[in-house]
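Have a look at the chain below before reading on.

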Amino acid sequence: KEKLINNAITALLSQEGDIAASNAELESQFQAVRRLVASKAGFLAFTQLPKFRERLGVKVVKALKRNNDGVTHASIDMLCALMCVSITF
């Protein structure tokens, strides 16, 4: 299960929010990352996977530069999920 979550997170972060992605697609990516990091394995990936935080930061900055309310909300919601850990171990 942990490997699947790590692979999903890596796949989502490999798409760095470039111009080719639509706003709806980018919003969906942030929502998916939010759900993945809500699990124990997902949060551990946030703390242990190399370059996770850096790639996530780049993705958020690029998303915020789009000035789209949906994308902005999804990216900030995902960051909030990382700051408020509510995982049952």
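## Ground rules

This is a predicted model, so keep its cut-offs in mind: local features need pLDDT of at least 70, side-chain atom pairs count only at pLDDT 80 or more, and totals for chains, interfaces and linings use all residues. Residues are numbered from 1 along each chain as its sequence is written, and side-chain values use heavy atoms, with hydrogens and water left out.

## Overall layout

The chain has five helices and zero strands, running α-α-α-α-α from the N terminus. Helices (H or I, at least four residues) and strands (E, at least two) are DSSP runs, numbered from the N terminus.

Of the 89 residues in the chain, 35% are buried. Here buried means under 20% relative accessible area, exposed means over 50%, and partly exposed is in between (1.4 Å probe, protein chains only). Take the contacts (heavy atoms within 4.5 Å) between residues at least 6 apart in sequence: 75% of them join residues at least 24 apart.

## Helix α1

With 13 residues, α1 reaches 18 Å from its first C-alpha to its last, close to the 18 Å expected at 1.5 Å a residue. That expected span is 1.5 Å times one less than the number of residues. Its buried residues are I5, N6, I9, L12 and L13. Seen down the axis of α1, they fall within an arc of 130°, so they line one face of the helix; the arc is that of the directions from the helix axis to the C-beta atoms.

On the other side of α1, K3 and L4 are exposed. As for the buried residues of α1, their cover includes α2, α3 and α4.

## Helix α2

Next up is α2 (residues 23-37), whose 15 residues reach 21 Å from first C-alpha to last, close to the 21 Å expected at 1.5 Å a residue. Buried here are L26, Q29, F30, V33, L36 and V37. Looking down the axis of α2, the buried residues sit within an arc of 125°, so they line one face of the helix. A24 and R35 are exposed on the other side of α2.

What do the buried residues of α2 pack against? Their partners are α1 (2-14), α3 (40-48), α4 (52-64) and α5.

The axes of α2 and α4 come within 12 Å and cross at roughly 145°. For these values, axes are lines fitted to C-alpha atoms, for helices over the stretch in contact, and angles run from 0 to 180 degrees between N-to-C directions. α2 passes α4 in a left-handed crossing, meaning that the near helix is turned anticlockwise from the far one by less than a right angle (clockwise would be right-handed). Making the contact are L26, Q29, F30, V33 and V37 of α2, along with F52, L56, K59, V60 and A63 of α4.

α4 and α5 pack at an angle of about 150°, their axes 9 Å apart. The two are therefore roughly antiparallel to each other; angles under 35 degrees count as roughly parallel, over 145 as roughly antiparallel, 65 to 115 as roughly perpendicular and the rest as oblique. The crossing of α4 and α5 is left-handed. In α4, L56, V60, A63 and L64 meet V71, T72, S75, M78, L79 and L82 in α5.

S75 lies in α5 (residues 69-83). Is S75 buried or exposed? Its relative accessibility is 0%, so S75 counts as buried. Leaving aside neighbours within four places in sequence, S75 is in contact with F30, V60 and L64.
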